[in-house]
Amino acid sequence: MTQVDEAPAVPPPMPDAPREFRGVWVATVDNIDWPTRPGLPVAEQQAELRAILDRAALLNLNAVILQVRPTADAFYASPYEPWSAYLTGAQGRAPEPFYDPLAFAVEEAHRRGIELHAWFNPYRAFHPTAQGELAANHISRTHPEVVHPYGDLLWMDPGEPVVVEHSLRVILDVVARYDIDGVHLDDYFYPYPVTDSLDQKVPFPDSTSWMRAVEAGNTLTRDDWRRQNVDRFVERLYGEVKAAKPWVKVGISPFGIWRPGNPATVKGFDAYAEIYADAKKWQQAGWVDYFTPQLYWAIASTGQSYPALLAWWAEQNTMGRHLWPGNYASRVMFEGDSAWEPEEVAEQVRVTRAQPGATGNVLFSMKVLRDTTSVLGERLAAEVYAAPALVPASPWLGGGAPAAPSLSVEHAGNRLALTMTPGGGEAVWVWVVRTRRGATWTLDVVPGWEQMHLLSSGEEAGPDEVAVSAVDRVGNEGPVVRMQLE
């Protein structure tokens with residue numbers, strides 16, 4: 001009998017790094033997510049924020065959208081606006097002992113390889129949940145003529161040049177001074193309408209700015225003029241952020257319905273007509289790097305179908321920018337018929353993945369992922385977010401693929417450590433480290449500042465092969481360097 005040697009097994013192909021934006025909103029207005037109460041001691045504020053970021057990392061999220069300007073106030077050391085009452089308990093009071101929460105958040109997020117996006121409200125000046133008096137340097141005190149009561153809020157007039165210049169200056173100051181990864185606006189442009197005792201809609205009190213525009217030759221209708229005010233702000237914001245730091249992404253999370261009837265089955269609030277938000281125009285003009293329409297309805301909803309709305313927004317995305325819808329994950333914590341099961345949120349993530357042109361989600365809000373009464377975080381981590389993912393690349397933001405890194409492996413006692421050295425001296429945002437044991441590949445996303453990665457320790461067997469690539473701030477992945485360790 002002739003013995004025939006078996007052909008050696010061919011190792012399985014090396015996996016590509018998955019790409020998906022996995023964001024979460026961390027709301028500070030009314031202390032929804034952080035800090036848990038106004039005036040919390042600094043050490044506890046910092047501990048809570050670290051816990052939020054640790055939890056995000058544990059759940060394989062890759063971006064946190066932190067609200068830093070809820071009501072013309074600041075969660076950072078601003079030269080233009082007062083410290084937020086939601087932070088220290090009194091507007092204008094700095095943390096004591098002093099620290100800068102935004103600088104702290106950026107550093108701690110980046111330490112974990114998580115993007116930190118700064119979330120601004122451009123026009124809201126006061127929310128009734130805030131404690132105490134308004135500070136002397138609040139815009140309602142320095143420019144009372146451009147701030148109007150509306151319902152139980154104070155609102156800056158988007159038609160006033162003072163307001164536009166002030167809000168742009170505030171946002172661009174943050175872009176210049178902090179190493180943020182994104183600028184994020186929510187869905188509040190002109191305020192949502194309020195009604196009087198007779199259930200009649202109260203008009204927004206912008207007659208002064210409107211008459212000035214008419215006298216200057218404006219020929220638009222008042223509604224179109226209001227939309228133009230918002231359009232111009234969004235366009236300027238995008239252009240000026242790019243001029244300052246091209247790699248900082250600009251994102252907006254508008255109300256999820258542009259206009260009822262778009263698509264045909266959709267009913268509900270008309271954001272175009274009521275808050276003067278022509279969100280489709282911003283998307284199609286390329287004034288955003290990512291678009292996060294708040295699709296806060298269930299998959300089975302008839303008048304506001306999540307899949308139908310998602311598909312419609314994808315169809316409008318003629319510039320090919322990122323589409324990362326927002327999901328109302330906090331409904332898992334509701335009671336009664338309005339509550340969702342955790343599976344609804346997980347299935348919305350799957351629906352998003354199945355929609356061409358959509359590449360991620362943003363969950364509202366962090367509280368539901370931290371709350372011990374909810375199992376949503378564990379469900380997501382066990383199912384749809386079981387493995388890490390890179391933020392999708394933004395090729396229109398430029399940059400070239402990082403150079404190939406140099407690799408070396410060192411045995412130190414019972415530990416096997418991988419050293420990764422950036423090629424060309426370039427800064428690395430994150431490393432993609434793939435390890436193969438037999439026929440199984442495992443992928444890890446490692447913060448770029450870490451240049452040593454533990455491959456095995458104790459009795460654990462080391463991998464047969466390791467493959468590493470570097471990723472830059474806008475998501476470009478460089479060449480993969482492979483090393484056999486058998």
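At what angle do α5 and helix α7 pack, and how far apart are their axes? The first legend answers this. The model is predicted throughout.

**Figure 1. Helices α5 and α7 pack side by side.**
The angle between α5 and helix α7 (residues 222-244) is about 30°, and their axes lie 10 Å apart. Angles under 35 degrees count as roughly parallel. That is why α5 is described as roughly parallel to α7. The crossing of the two helices, α5 and α7, is right-handed. On the α5 side, the residues that meet α7 are Val164, Glu165, Ser167, Leu168, Ile171, Leu172 and Val175. Their counterparts in α7 are Phe233, Arg236, Leu237, Glu240, Val241 and Ala244. An α-helix has 3.6 residues a turn, so residues three or four places apart point the same way.

**Figure 2. Alanine 243 is an exposed residue of helix α7.**
Alanine 243 belongs to helix α7. Its relative accessible area is 67%. Exposed means over 50%, so alanine 243 counts as exposed. Methionine 319 is 76 residues away from alanine 243 in sequence. In space, the C-alpha atoms of alanine 243 and methionine 319 are 20 Å apart.

**Figure 3. Ile180 and Leu369 touch the most other members of the largest nonpolar core.**
This core holds 111 residues. Helix α5 (residues 161-177) contributes the most to the core, giving eight residues. In soluble globular proteins, nonpolar side chains tend to be buried together. What does isoleucine 180 contact, leaving aside its neighbours within four places in sequence? The list is Leu102, Val106, Leu116, Ala118, Val174, Val175, Val248 and Arg473.

**Figure 4. Helix α3 is mostly covered.**
Helix α3 spans residues 101-111. Eight of its 11 residues are buried. They are Pro101, Leu102, Phe104, Ala105, Val106, Glu108, Ala109 and His110. Which elements do the buried residues of α3 pack against? Helices α1 (42-58), α2 (85-88) and α5 are among them. Strands β2 (63-69), β3 (115-120) and β16 (440-447) also pack against these buried residues. Two of the buried residues, Leu102 and Val106, are also contacts of isoleucine 180.

Phe21, Gly23 and Trp25 point one way from β1. Arg22, Val24 and Val26 point the other way. Phenylalanine 21 stands opposite glycine 360 in β12.

**Figure 5. Strands β13, β14 and β17 form an open antiparallel sheet.**
The order of the three strands is β13-β14-β17. β13 (406-412) and β17 (452-456) are at the edges, each with a single partner strand, so one side of each has no neighbour in the sheet. From one strand to the next, the twist averages 25°. Seven bridges connect β13 with strand β14 (residues 415-421). In this antiparallel pair, histidine 411 stands opposite leucine 416 in β14.

**Figure 6. A four-stranded open sheet runs in the order β16-β15-β18-β19.**
The pairing in this sheet is antiparallel. Which strands are at the edges? They are β16 and β19 (481-484), and each pairs on one side only. The twist averages 20° from one strand to the next. Strand β15 (residues 430-437) and strand β18 (residues 465-471) run antiparallel and are joined by seven bridges. Arginine 436 stands opposite glutamate 465 in β18.

**Figure 7. Helices α10 and α11 cross at roughly 30°.**
Helix α10 spans residues 306-316, and helix α11 spans residues 342-354. Their axes come within 10 Å. The crossing of α10 and α11 is right-handed. Tyr306, Pro307 and Leu310 in α10 meet Gln348, Val351 and Thr352 in α11.

Technical notes: Residues are numbered from 1 along each chain as its sequence is written. This is a predicted model: local features need pLDDT of at least 70, side-chain atom pairs count only at pLDDT 80 or more; totals for chains, interfaces and linings use all residues. Side-chain values use heavy atoms; hydrogens and water are left out. Two strands pair if DSSP finds at least two bridges between them. Axes are lines fitted to C-alpha atoms, for helices over the stretch in contact, and angles run from 0 to 180 degrees between N-to-C directions. A nonpolar core is a set of buried Ala, Val, Leu, Ile, Met, Phe, Trp, Tyr and Cys residues joined through side-chain atoms within 4.5 Å. Buried means under 20% relative accessible area, exposed over 50%, partly exposed in between (1.4 Å probe, protein chains only). Contact means heavy atoms within 4.5 Å. Angles under 35 degrees count as roughly parallel, over 145 as roughly antiparallel, 65 to 115 as roughly perpendicular and the rest as oblique. A crossing is left-handed if the near helix is turned anticlockwise from the far one by less than a right angle, and right-handed if clockwise.
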